[in-house]
Amino acid sequence: LRGEEDFGSTATEELMETESGLFGRRAPPARKSEPPGLRKNQQGLSEALRLPQDELKEQRKDENSVFVSNLAFNMEDPEGKLRTLFQGCGTVQQVRPVFTPKGVFRGYCYVQFEDRLAVPEALKLDRQEVDGRPMYVSPCVDKNKNPDFK
């Protein structure tokens with residue numbers, strides 16, 4: 001009797017698998033929210049952008065940089081806007097806005113100056129309103145090297 005129960009439950013499980021699975025059916029069509037070539041171009045673009053960023057890591061100087069946060073996620077051209085805002089502090093070497101993998105601005109960036117004397121001037125812009133939000137400007141500190149910094 002016990003062997004028959006096992007046989008019956010196995011047959012039922014197989015029947016359920018075939019009914020609920022895709023056996024003999026085609027997979028549902030993929031959504032066409034973006035052209036097929038766009039995804040390839042995005043991957044190629046992100047790979048192309050990685051190389052210069054790796055080179056830029058070597059040129060980064062935390063002592064010449066500030067961390068800027070609390071910016072609007074929908075800010076248009078964050079690099080250009082922040083470059084203009086911080087030009088009065090000193091010569092801006094680079095602005096590094098941070099984006100999600102999908103290309104959405106994350107609301108923070110790093111501004112690097114040619115001279116470290118520009119950093120105290122940039123820190124004076126802390127809490128200045130940008131697009132209706134107070135921008136937070138703080139010294140750029142590598143948390144791996146100084147985990148206790150606040």
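Residues 24 or more positions apart account for 58% of the contacts in the protein chain with a separation of 6 or more. Keep in mind that this is a predicted model. The chain has 150 residues, and buried ones make up 22% of them. Its accessible surface comes to about 11700 Å², with 51% of that belonging to carbon and sulfur atoms.

**The overall layout**

Let's start with the parts list: the protein chain has four helices and five strands. Follow the sequence along and you get the pattern α-α-β-α-β-β-α-β-β. The five strands make an open sheet, in the order E2-E3-E1-E5-E4, and the pairing is antiparallel. E2 and strand E4 (128–130) stand at the edges with a single partner strand each, so one side of each has no neighbour in the sheet. From one strand to the next, the twist averages 30 degrees.

Then there's helix H3, which lies across E1, E2, E3, E4 and E5 and runs at about 140 degrees to E2.

**The E2 and E3 hairpin**

E2 and E3 pair in the antiparallel sense over six bridges. Five residues sit between the two strands of this hairpin, where Gly 103 takes a positive phi near 95 degrees. Although E2 is an edge strand, it is mostly covered, with six of its eight residues buried.

Gln 112 is the bridge partner of Gln 94. Setting aside neighbours within four places in sequence, Gln 112 is in contact with Gln 59, Arg 60, Lys 61, Asn 64, Ser 65, Val 92, Gln 93, Gln 94 and Arg 96.

In soluble globular proteins, nonpolar side chains tend to be buried together. Here, the largest nonpolar core has 20 residues, and those touching the most other members are Val 66, Val 68, Phe 86, Val 111, Phe 113 and Met 135. At least two residues of this core come from each of E1, helix H3 (78–86), strand E2 (92–99), E3, helix H4 (118–123) and strand E5 (133–139). Which element gives the largest share of this core? That's E3, with four residues.

Leaving out neighbours within four places in sequence, Phe 86 is in contact with Val 66, Val 68, Val 92, Val 111, Phe 113, Ala 122, Leu 125, Met 135 and Val 137.

**The aromatic rings**

Searching the whole structure turns up four aromatic pairs. One of them joins Phe 67 and Tyr 108 in a tilted arrangement, 5.6 Å centre to centre and with 50 degrees between the planes. Phe 67 lies in strand E1 (residues 65–69) and Tyr 108 in strand E3, so the pair ties together parts that are 41 residues apart in sequence. Ring pairs also bring in Tyr 110, linking Phe 67, Tyr 108 and Tyr 110 into a cluster.

Cys 140 is found in the segment after E5. At 11% relative accessibility, Cys 140 counts as buried. Cys 140 and Val 66 are 74 residues apart in sequence, yet their C-alpha atoms are 4.6 Å apart in space. Not counting residues up to four places away in sequence, Cys 140 touches Asp 62, Ser 65, Val 66, Phe 67 and Tyr 110.

**Accessibility side by side**

Here are the residues with accessibility values from the text.

| Residue | Relative accessible area | Class |
|---|---|---|
| Cys 140 | 11% | buried |

Conventions:
Residues numbered from 1 in each chain as written. Predicted model: local features only at pLDDT ≥ 70, side-chain atom pairs only at ≥ 80, totals over all residues. Heavy atoms only, no water. Contact = heavy atoms within 4.5 Å. Phe/Tyr/Trp six-rings, centres within 6.5 Å; stacked < 30°, edge-to-face > 60°. Core = buried A, V, L, I, M, F, W, Y, C linked by side-chain atoms within 4.5 Å. Buried < 20%, exposed > 50% of the residue type's maximum accessible area, 1.4 Å probe, protein only. Pairing = 2+ DSSP bridges. Axes fitted to C-alpha atoms, helices over the stretch in contact; angles between N-to-C directions. Areas by Shrake-Rupley, 256 points an atom, 1.4 Å probe, with all protein chains shown as cover.
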